[in-house]
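Subject: Structure for you to look at

Hello,

Here is the structure I said I would pass on. Please open it first, then read my notes beside it.

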2 protein chains.
Amino acid sequence: MNREWDLLHTPGPTPVPPSVERAMNQPMIGHRGQKCKDLLKEIAPRLKPLFGTSEDVLILSGSGTSALEAAVVNATRPGDEVIVVVAGAFGDRFAKICETYELKVHRIEVEWGEAVDVERVESTLQAFENTKAVFLTHCETSTGVIHPVEEIALRVKEISQALVVVDGVSSIGGVEINMDRSGIDFVVTGSQKAMMLPPGLAFAAVSKYGWEVVEQNDRPRFYLDLRSYRNRLGEGQTPFTPPLSLLFGLSEVLNLLDEEGLKNVYHRHQLMKGMTREAFKALNLPLLVSEEAASATVTSVKPNTFQAEDLRKMAREEFGLILAGGQKHMKGQVFRVGHMGYCRSSQVLQYIGILEIILKRLGHDFTSGAGVAAAQEAYLEIIKEVQEC
Amino acid sequence: MNREWDLLHTPGPTPVPPSVERAMNQPMIGHRGQKCKDLLKEIAPRLKPLFGTSEDVLILSGSGTSALEAAVVNATRPGDEVIVVVAGAFGDRFAKICETYELKVHRIEVEWGEAVDVERVESTLQAFENTKAVFLTHCETSTGVIHPVEEIALRVKEISQALVVVDGVSSIGGVEINMDRSGIDFVVTGSQKAMMLPPGLAFAAVSKYGWEVVEQNDRPRFYLDLRSYRNRLGEGQTPFTPPLSLLFGLSEVLNLLDEEGLKNVYHRHQLMKGMTREAFKALNLPLLVSEEAASATVTSVKPNTFQAEDLRKMAREEFGLILAGGQKHMKGQVFRVGHMGYCRSSQVLQYIGILEIILKRLGHDFTSGAGVAAAQEAYLEIIKEVQEC
């Protein structure tokens, strides 16, 4: 089946709204001219609410990983002691970047599919008093867990001077975060998840305290030196040629978010999470993650009556429904459904409907229609709660 | 004037062909799925002729500068002695990256607007016998000079073990280069120049000898670690999420280059260079660069009867003709016309025609129509030469 017909439900890249596609599809402009300055000056302040900060949000050209690396090389010096929460493939990536850049890494290993306990971070921090930074993943994309990063940040700040660095790659734009309120020092993300753009842009926001550390940090860095991005942003510029098409698109993404209202955007993601989880429960599919720890952007299932890869293959081949598989040691054990960005409740009904057909073919035991019905009930229930508040 | 009407003639970003815009404007796909693998496997081998190499061409997500930095951090270790030819803003950037990454940098400072002598590189190399790498800029975008990088590489290889690293950002796709023939070890470039794409992709090719050095190099690096890109390319993958829209577009760019034939592409750039230079001479405008040293992709003029910035402003405001100004100490002293990528001889006639009107307004002394006539004569002359060979 042609990709024009695909139903893309991986946890990133995610579908791009038509108006954003149209906005991207514009002639090139000079990146040092007034038009680019006007564009950056229009975009930059509008990114702040997504990070819950009054500080600048910097725009980098690269994959999400470039932003993770930017956080590491700007926040730390070689030899620094750091804590990294590793509860999946992306926590592991953060730890690997830290190890590559010669940090003394204390990993807090968390069972994949579970969220880290605030107390565990606290006790680890007490055990390693010289810790300079704590690295956290907001939504661990490989499992669909959302970690209590704000609560952790508040606790860290109470008892230490350590920086709090958050990977917000598959949460920003889909799940609320408030840097200023919680004292988080770095939040970084990419464009291809709840930000509704193709991959290629990365973002970084840094707290006032974070900037003090960055400014004094003499670790060698050039392309990812956040100081250059901050200095040039004041002039409505980026230090290096930015991916202009994505900036054209980003401006329209911000229009869409404004139009809907960020609060409603976050509610919509909660709604899709609730519908998806209730449906899977009704279909007798074991959810990997508990209710409290589950992310609003991606849901993982660990089937026990069929092979996850068989379901993915059949969904792709017969319906063009593209789901993600497991990563690292979970390869083949789980399938993951992305429901973030340009996605709404009716699409949940659609993919649940498709999955019921596949589950029948796989001989899985469930009542036909039970998944869709549960999603519909969840919809009505959650919508009512929202209207009541 | 709206950007839809602009005539973009900066030396990058450059206009994107309509068929490439259409190709980019496609729905997202999973970056770990078969479609993305098929796409990368189709693209990767077709990039090789542009670099004149049988080695892999790696695809990075970032600005051109990310590729310059990738060359530096993969080719060198802290403390290494290197030579950098600095003949403009981009040679200076290469040197700054080298200095940032703790190399002992010997700069060969060349007058802006001139090409470096092969002999000067040779004697510097003889003076610093421990030199591990020589960093060169193929086309120095800030002046429009093309440096004899192949000749230099051959000489360097004759007399030393040093690596030869070439910034091909504003040459690859417009000017021939042959890594394998000349012994160049690294060529890097970006997408937004003669490659006819928006900014956001970077490319790196490495020689066999270069790979030996890269493999043994223990300098910390993660996002720009070329070993990861090479390992994943074998599986039709990139280590981090690639800018998918640009990959869709790149496939079409390669179709366009195949259709025209690379040899004809390089001839077309020579034709535009010849027409532009002859026109400026006939208009009594002082060219910054000599015939031998001039790049086929960008031409700089250093006017002496008016302000370069006045001409740029008038061209932009009245005709939407976007030219570049000078960089660093040449700010305000020169204007630069990009003629690369999606650009052909008739566009030279167009911008020369426009500039004649502006020059009249500026009170510059020349014969009306002389520029266009000289460009036409150059066209007929160069086309004849090409047909005769």
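In this predicted model, A:K328 and A:D92 form a salt bridge, with 3.5 Å between the closest N and O atoms. A salt bridge here is a side-chain nitrogen of Lys or Arg within 4 Å of a carboxyl oxygen of Asp or Glu. One salt bridge is counted between domain 1 of chain A and domain 2 of chain A.

Some ground rules before the rest. Residues are numbered from 1 along each chain as its sequence is written, and chains are lettered from A and ligands numbered from 1 in the order in which they are written. Since the model is predicted, local features need pLDDT of at least 70 and side-chain atom pairs count only at pLDDT 80 or more, while totals for chains, interfaces and linings use all residues; side-chain values use heavy atoms, with hydrogens and water left out.

The two domains of chain A

Chain A is split into domain 1 (18-258) and domain 2 (262-388); the bounds come from an automatic or database domain assignment. Taken over C-alpha atoms, the centres of the two domains of chain A are 28 Å apart.

How many residues are in contact between these domains of chain A? Domain 1 of chain A has 26 residues in contact with 22 residues of domain 2 of chain A, where contact means heavy atoms within 4.5 Å. The area buried between them is about 2000 Å², and carbon and sulfur atoms give 65% of that. Buried area is the accessible area (1.4 Å probe) that two parts lose on being put together, summed over both.

The interface between the domains of chain A also has six residue pairs in polar contact, both residues being at pLDDT 80 or more. A polar contact is a pair of N or O atoms within 3.5 Å; within protein, one must be able to donate a hydrogen and the other to accept it, and residues adjacent in sequence count only if both atoms are side-chain atoms.

On the side of domain 1 of chain A that touches domain 2 of chain A, α2 (34-51), α4 (89-100) and β7 (145-146) of chain A each supply at least two residues. Helices (H or I, at least four residues) and strands (E, at least two) are DSSP runs, numbered from the N terminus. The largest share of that side comes from α4(A), with four residues. Sorted by class, that side of domain 1 of chain A has 14 nonpolar, eight polar and four charged residues. Ala, Val, Leu, Ile, Met, Phe, Trp, Tyr, Cys and Pro count as nonpolar, Asp, Glu, Lys and Arg as charged, and the others, Gly among them, as polar.

Where chain A meets chain B

Chain B and chain A each put 47 residues into their contact. The area buried between the chains is about 4200 Å², with 59% given by carbon and sulfur atoms. In chain B, the residues that lose the most area to chain A are B:R3, B:M28 and B:F222, together 19% of what that side buries.

Two salt bridges are found across the interface of the chains. A:D6 forms a salt bridge with B:K35, and the closest N and O atoms are 2.7 Å apart.

On the side of chain B that touches chain A, α3 (64-75), α4 (89-100) and α10 (244-260) of chain B each supply at least two residues. The most comes from α4(B), with four residues. By class, this side of chain B has 20 nonpolar, 17 polar and 10 charged residues.

Single residues to check

The peptide bond from A:G12 to A:P13 is cis, with omega near -10°. A:P13 lies in the loop between β1 (7-8) and α1 (18-24) of chain A. In chain B, a cis peptide bond joins B:G12 and B:P13, with omega about -5°.

B:M196 is not a glycine, yet has a positive phi of about 65°. Is B:M196 buried or exposed? B:M196 is buried, at 4% relative accessible area (buried means under 20%, exposed over 50%, partly exposed in between; 1.4 Å probe, protein chains only). B:K328 also has a positive phi, near 50°, and is partly exposed at 48% relative accessibility.

Regards
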